[in-house]
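Subject: Structure for you to look at

Hello,

Here is the structure I promised to pass on. Please open it beside this message, and then read the notes below.

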Amino acid sequence: MPPRSDPSCRKRPGLKIMKPLSVNSTRLLARLQELGSIGRDTNGRLTRLALSDADRQARDHLVAWIRAAGLEVAIDRIGNIFGIWGGNKYGSQQPVLLGSHIDTVMNAGIYDGCYGVLAGLEVIQTLREAGFVPERPIAVAAFTNEEGVRFAPDMMGSLVYAGGLELETALATRSTDGAVLGQELARIGYAGDHAVGFMRPHAYVELHIEQGPVLEHSGIPIGAVEDLQGISWQRIMIEGQANHAGTTPMALRRDAGYAAARIMTFVHDRAMASKLSGVATVGSVAFEPNAINVIPARATLTVDLRNPNETGLQEEENALAAFLSDLETSGDVKIHVEILARSRPVTFDARIIDLIEEATLKRGLTARRMTSGAGHDAQMIASMAPTAMIFVPSHKGISHNPAEFTSNEGLIAGANVLLDVTQHLADAS
């Protein structure tokens with residue numbers, strides 16, 4: 001599949017690189033490995049859920065590295081961590097902001113999120129050591145609870161920072177293990193005193209592994225991300241009636257399990273038949289009483305709908321709602337829907353995308369314009385500042401998995417493109 005556009009045919013914003021530089025690859029790769037060692041269980045599995053003890057340990061490492069790089073550390077009330085170069089100027093000068101997150105899913109890989117944070121720190125440290133004098137501050141951020149595994153919704157830290165969720169609502173959120181988010185922030189020592197949104201970015205650039213197979217399949221080393229899919233998360237609860245599996249005739253059953261299966265088939269078949277680029281997933285299912293010889297009285301499942309077009313996403317949500325309404329009648333069940341999360345598709349800043357392409361070409365590499373199928377902190381920050389993302393290939397498209405892998409060459413290439421883009425943004429008025 002060819003790139004969406006030929007970069008040589010586009011008008012360029014004039015990337016100015018004052019001094020050819022490269023990141024300290026040894027330092028960056030070593031930090032990735034060290035951070036990836038935090039949160040391992042006795043079987044070697046990496047799980048670093050937001051605001052857990054493992055997250056605290058990782059945060060402590062990151063803060064130490066930020067301070068060692070000579071940056072100011074700032075922590076806001078939702079626990080977002082910032083390392084700021086030129087901090088005395090951020091009141092009047094908006095910074096170039098880099099970053100991502102360092103919390104993980106369960107049994108994770110080491111690159112998702114962490115790569116963007118550590119590469120952002122490395123870019124700033126490289127520029128400082130080279131004697132670069134930016135026209136505006138540069139900062140790196142590690143946003144709280146991007147994954148949303150322990151606390152919902154996901155991308156919470158950046159969502160609160162951008163004003164999309166009230167701070168007090170977020171602080172009162174209960175985790176899957178019953179803990180209160182604000183109390184957990186205080187417990188691990190990361191309930192900061194800076195107001196959320198205290199530092200409005202001039203621009204935000206997030207470097208990330210692709211988490212998909214497109215770049216590796218096409219043999220292209222850099223993705224210039226144009227947009228992010230909108231995401232709709234729903235929890236569907238079905239109430240039927242438990243009864244004997246052997247004595248209840250099929251026509252007289254109120255089978256919540258069967259209704260759940262019909263929903264799963266509906267969302268899969270509709271996504272497969274669609275001419276749009278949306279996707280649909282049922283990621284979790286639970287039956288009660290969950291016994292082999294009992295018709296399920298209750299079924300709970302989650303549906304994840306994604307589409308790069310807002311109208312398309314709404315059409316899929318409406319189609320699912322209509323199907324559930326019909327299913328209540330035909331299946332003689334009661335259905336309740338809870339909206340877990342909803343985010344609109346996001347289009348990134350055209351100027352920064354152009355800069356990413358040009359920086360890639362100046363490094364002798366090829367870039368591909370593309371859509372991100374995953375959610376990222378960038379989609380939240382895009383509501384408050386010009387934003388774009390840089391992708392590097394993920395081996396076999398695997399992510400949220402111990403097999404998650406990007407070559408060292410790919411990691412360094414992405415970091416150097418980020419370095420060049422940052423240098424330009426920090427030097428431009």
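A residue is called buried when its relative accessible area is under 20%, and exposed when that area is over 50%. Keep in mind that this is a predicted model.

With a relative accessible area of 6%, glutamine 229 falls under the 20% cut-off, so it counts as buried. You will find this residue in the loop between S6 and S7. What does the side chain of glutamine 229 reach? It reaches the backbone oxygen of glycine 373, at 3.4 Å. Glycine 373 is also among the residues in contact with glutamine 229, once neighbours within four places in sequence are left aside. Others in that list include Ser277, Gly278, Arg306, Pro345 and Thr371.

Now the chain as a whole. It has 12 helices and 15 strands. Its radius of gyration is 23 Å, close to the 22 Å that the globule rule gives for 429 residues, so the chain is as compact as a globular protein of that length. Along the principal axes, the C-alpha trace spans about 80 × 50 × 40 Å. Of the 429 residues, 55% are buried. The chain exposes about 18,000 Å², and carbon and sulfur atoms supply 51% of that area. Take the contacts between residues at least 6 apart in sequence: 81% of them join residues at least 24 apart.

Next, the interior. In soluble globular proteins, nonpolar side chains tend to be buried together. The largest nonpolar core here has 103 residues. Which residues have the most contacts inside it? They are Phe82, Phe348, Ile356 and Val421. Apart from this core lies another, of 19 residues, among them Leu301, Leu305, Leu313 and Leu327.

Not counting residues up to four places away in sequence, isoleucine 356 touches Ile222, Ala224, Ala388, Met389, Ile390, Val417 and Val421. Isoleucine 356 is also one of the buried residues of H10. That helix covers residues 350-362, 13 residues in all, and reaches 18 Å from its first C-alpha to its last, close to the 18 Å expected at 1.5 Å a residue. Its buried residues include Ile352, Ile353 and Leu355, and also Asp354, Glu357 and Glu358. Against what do the buried residues of H10 pack? They pack against strands S5 (203-209), S6 (222-228), S14 (367-372) and S15 (387-392), and against helix H12 (408-427). At the start of H10, a side-chain oxygen of aspartate 349 comes to within 3.2 Å of the backbone nitrogen of arginine 351. After H10 comes glycine 364, with a positive phi near 75°.

An α-helix has 3.6 residues a turn, so residues three or four places apart point the same way. With that in mind, look at the buried residues of H8: Ala256, Gly257, Ala259, Ala260, Ile263, Val267 and Ala271. The buried residues of H8 pack against strands S7 (230-239), S9 (279-288) and S11 (298-307), and against helix H9 (310-330). Aspartate 255 caps the N-terminal end of H8, with a side-chain oxygen 2.9 Å from the backbone nitrogen of glycine 257.

Last, some backbone details.

- The peptide bond from alanine 152 to proline 153 is cis, with omega near 5°. Proline 153 sits in the loop between strand S4 (138-142) and helix H4 (156-161).
- Glutamate 288 and proline 289 are joined by a cis peptide bond, with omega about 5°. Proline 289 lies in the loop between S9 and strand S10 (294-295).
- Methionine 155 is not a glycine, but has a positive phi of about 55°. It is found in the loop between S4 and H4, and at 2% relative accessibility it counts as buried.
- Lysine 396 has a positive phi near 60°, and is likewise a residue other than glycine. It is in the loop between S15 and H12. Is lysine 396 buried or exposed? At 60% relative accessibility, lysine 396 counts as exposed.

Regards

How values were computed: Residues are numbered from 1 along each chain as its sequence is written. This is a predicted model: local features need pLDDT of at least 70, side-chain atom pairs count only at pLDDT 80 or more; totals for chains, interfaces and linings use all residues. Side-chain values use heavy atoms; hydrogens and water are left out. Buried means under 20% relative accessible area, exposed over 50%, partly exposed in between (1.4 Å probe, protein chains only). Helices (H or I, at least four residues) and strands (E, at least two) are DSSP runs, numbered from the N terminus. Contact means heavy atoms within 4.5 Å. A polar contact is a pair of N or O atoms within 3.5 Å; within protein, one must be able to donate a hydrogen and the other to accept it, and residues adjacent in sequence count only if both atoms are side-chain atoms. The radius of gyration is taken over C-alpha atoms; the globule rule is 2.2 Å times the number of residues to the power 0.38. Accessible areas come from the Shrake-Rupley method with a 1.4 Å probe; for residues, only the protein chains shown count as cover. A nonpolar core is a set of buried Ala, Val, Leu, Ile, Met, Phe, Trp, Tyr and Cys residues joined through side-chain atoms within 4.5 Å. The expected span of a helix is 1.5 Å times one less than its number of residues.
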